[in-house]
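Q: I have just opened my first protein model and would like to learn how to read it. Could you take me through a few features, step by step?

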Amino acid sequence: MIITKFALRRPITTLMFFFCFVLAGGTATKLLPLEYFPEVIFPGVFIQIPYPNSTAEEIERLITRPAEEVLSTMSGIQRFSSTTTDNSAQIQIHFDWSKQAKIMGVEAREKLEAIRDELPSDVRRMMVFTGSTADMPLLQLRISSPKNLQHAFQLLDRKLKRPLELTEGVSKVELYGIQKNEIIIQLRSDRIAAHNIDINALNATLQKHNFSKFAGQITDGSQRLRVKPLGEFESIDDYKNMIVGPNNLRLKDISNVTLSQPILEEGRHLDRTYAIGIVVQRESSANLVDVAARVVNKIAEIEQSPEFNGINLFIMENQAEGITDSISDITFSGLVGFSLSILVLYFFLRNVAITLIVAMAVPFSLFITLAAMYFLGLTLNVLSMMGLMLAIGMLVDNAVVITESIFQHKSLTPDDPEGSTIRGVQEVGVAVTAGTITTAIVFLPNIIGEKMDITVFLSHVAIAITISLAASLFIATTVIPLLLNKVKKSAQQKPVKSIEWLTKKYTAALAWLLHRPKISAFIAIGIFASVFVADVNTDMFPEEQRENLMLHYNIDSNYTVAAVEQTVFKIEDFLYQHQQELDILSVYSYYQASLAQSTIIFIDKDKRTLSNREVREFIEKNIPKIAMGKPSFERNRSGGQEGLSIQIVGDSTERLVEISHEVARIMNTVEGLQDAKSGAGVGEQEIRVKIDRDRAQNLGLNPSVIASTIGIALRGQNLRTFRGEDGEVDVRIEFDKSDRKSMSDLYNLPIFRPGNDTLPLAAVANFSIHKGPQFIRREDKTTMMTISATLGDDAKMSDVKKNLKKVLDKMLFPPAYYWQYGRGFQRDDKAGRIMLTNMGLALMMIFIVMAALFESLMLPLAVITSIAYSVVGVFWFFFITGTTMSFMAMIGILVLMGVVVNNGIVLIDHINRLRRDGLRRYDAIIQGGADRLRPILMTVATTILGLIPLAVGDATIGGGGAPAYFPMARAIIGGLLFSTIVSLLILPSIYVGLDTLRLWGRTKLHIAQSNAQKLNNRISRN
């Protein structure tokens, strides 16, 4: 090869060029930004429209549906979903990956602004978000204390939030579970009725006050002056003394105006004490690990201040720990695998100098890869490290094959070391290049094919693998031949008796099979058919061992927040009674009037004595019963994917709620399923006020004005914010809580009419009590209800899916109502379909590369069969080890497809070369097998041993509950081991059969051409 000749003739230049790469790689280890994930902007828009203190049905009718109608006109929408609660409308729009989310976000905002007049007048904000991996919280903290922190907003804002925001690299800090004071104007119904106050007119008056605006400019002599009318309130007394009626009636005469903290409708506990949440986000360009370290140091400094005496700052999640844990796990696994590879190389080579020369391909390839990543503007993250880890075992493959070829030629022409080196590289150069291309090309369909978030992430894995393999090929064809050329004759490879014995046995077995083609064919078909015997569980995103467990209380109705808190205390007391035996570090709880959940945080995994399953079983068996519901655990699937669920689709929300509860009951009878529950939530008892239009019109009242009065009285109304010493303060007008305690208060709600008197609401309205839905979910503008369930510990996803389909297909649904698989199932199907499609495309590209290498359309099929046999090996290995076929395993199979063909390429290419040199086919196969046995065994052994630490360890992508590496590593190990045996023994027989078929085809074609020529000559003579 030209590059090898250049390296041998210009050794100093080559070494200096190589040294520059290594130096750049060493420098890049310090300069490469550390990220949890590479920055990927998701092609979606998230819209949130707050409308507090309403009902889900009202918000759906007034806000969600109009917003859906206008947003659905955007182009490129793949999925459209919305969730409506009693406080807000949330809409998610997912586009094709070719769309730019930021541009689509601007378009969504414009469309919403265009229909603002159609929405309720008191809708103040419509928030449009676009997301990327850089928006993931850097740190999530919880603040707890025996002290009462509910009124500590100013302390936390001034002494914690603001100092953290000033930390270099921090973009935003948010507090949850505590709110700053707001001005609350609580109207008194008796005063309103006594003074005949029109609530809507009062609201309009308050909205007009407290203003500041620019009115223009005037000229005064030679000066140009700006005119700015000021109507801003300067104190709370300005609100109290505001005149709102005749005879100097002031606001304080009909209401209570206070500066107080709003009542929280939710609560948090950490270690059984009231807790507050805090989220820290970083700037997208800042180094994740450095920013996290600065924030943690700042928190430690703040904790030492006297104001925080007795206040505990607990870090629940730290992205930096995830990336550093992942680096630590991968580094350890890589060092162990590399050390094992060196031992294997030495076992085969039996020469320290040659072993070290070959082994140097690993660290130096990694250095070159890191340098290339730095210059390409890439980051070191959990995905790129995953690529590097996968490549470690393959980086010596090219060096091993080239080294073996060089020394074979040196043994033939010992007096010409440089010529032997060049001929050795030339002999296998095309084969190793083709092998490298096939290993890297399998990722190309994931880059150019159908996109989903996983394939986009996988492209970052592909970049690291491709660069590192290219670097190993460069080293194997330049530096390694240069160094081997300097090895003295006395330091040549020594024969290994065990390998010589194995070679003799192998050639004998190969000869036996070649002479018995029928037996070989029977074995080949039997091995392939055996895959149907290996029963492997399939679950694209199975549950993984996590650092915490989520316990849901499954509250069955609406209760006061205080009552729910007492139930939370009861469960927390139970957990802390068994804290030591269950390896519990802390318990964090979150609760509302109809929801409660506790997160059980475990001690370090190295110190744990129980698995998550054992902890679950103990708690489920011994947990105290609660009157509010039946607690159950959330089974989070790997990568944070949605769990097992189905969806009921229809028109009426009320009907869907009824059907969903019935479906949940039936799903609990399906074997392998448990804890099935409707996503409708517990629902809320709501009073429906139906205005009698005839009566209202006879009394001179407008129904919309009555509805507005009710909304202000019960839900309240936001006014312009007040600017005080502590910044912006929210202002709300509402009825006094003492006037909202009973039905009679609602009946007697004063309604103003034009005749300057008031009458009770009961005079113009009828009342009824119903149970309304807690959530309303819609997919593609169609109302649906989700029923979720958890998979039993020993159940198989594939079996459960079949059983579930049988049961649900037998159910009779009302017309226009039907069931479908939930997002979890849909995502599994889509991920599996895309991966299978990409594998098919990868197979075609591998065939194209080999067809170009062998200049044949028939012989590449022999090598392709090794891929099929590798998949058989994966299934059998998974069956023996009890491993689930997951998405990570499919990534392993994808990598495997590019790796296993290398052995076949090296073997078939050498056989063809021997045949071109004059050997008969049989002799060429025997000689080629004997010559390539050792390098094939070496490359396979180094790859497998390089992955063993991952295959038996518990390392995960980024730590925590992220997907584990072991399914991917086991897929590569099992498939490579099995396909190697098949390639060495069965592949030559398949080669013979296909070559015979090729020769027969050529013969028949030659005969046909000859007959055609004779016929043509005969016709010409006539």
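Q: What share of the contacts in the protein chain with a separation of 6 or more comes from residues 24 or more positions apart?
A: A contact means heavy atoms within 4.5 Å. Here, 79% of the contacts with a separation of 6 or more join residues 24 or more positions apart. Before we go on: this is a predicted model, where local features need pLDDT of at least 70, side-chain atom pairs count only at pLDDT 80 or more, and totals for chains, interfaces and linings use all residues. Residues are numbered from 1 along each chain as its sequence is written, and side-chain values use heavy atoms, with hydrogens and water left out.

Q: How many helices and strands does the protein chain have?
A: Helices (H or I, at least four residues) and strands (E, at least two) are DSSP runs, numbered from the N terminus. This chain has 34 helices and 30 strands.

Q: How many residues of α33 are buried?
A: Buried means under 20% relative accessible area, exposed over 50%, and partly exposed in between (1.4 Å probe, protein chains only). In α33, 15 of the 20 residues are buried, so that helix is mostly covered. Across the chain, buried residues make up 51% of the 1022.

Q: What span do we expect for α5, and what does it reach?
A: The expected span of a helix is 1.5 Å times one less than its number of residues. For the 13 residues of α5 (153–165), a straight helix would span 18 Å, yet its end C-alpha atoms are only 16 Å apart. By contrast, α33 (966–985) reaches 29 Å, close to the expected 28 Å.

Q: Which residues of α5 are buried, and what covers them?
A: Among them are Phe153, Leu156 and Leu160. Their cover includes β5 (139–144), β6 (170–176) and α10 (288–303).

Q: Where does aspartate 583 lie, and is it buried or exposed?
A: Aspartate 583 sits in the loop between α22 (561–577) and β17 (584–592). Its relative accessibility is 4%, so it counts as buried. It also has a positive phi of about 60°, although it is not a glycine.

Q: And arginine 272, where is it found?
A: Arginine 272 is in the loop between β13 (266–270) and β14. Its phi is near 70°, again positive in a residue other than glycine. With 34% relative accessibility, arginine 272 counts as partly exposed.
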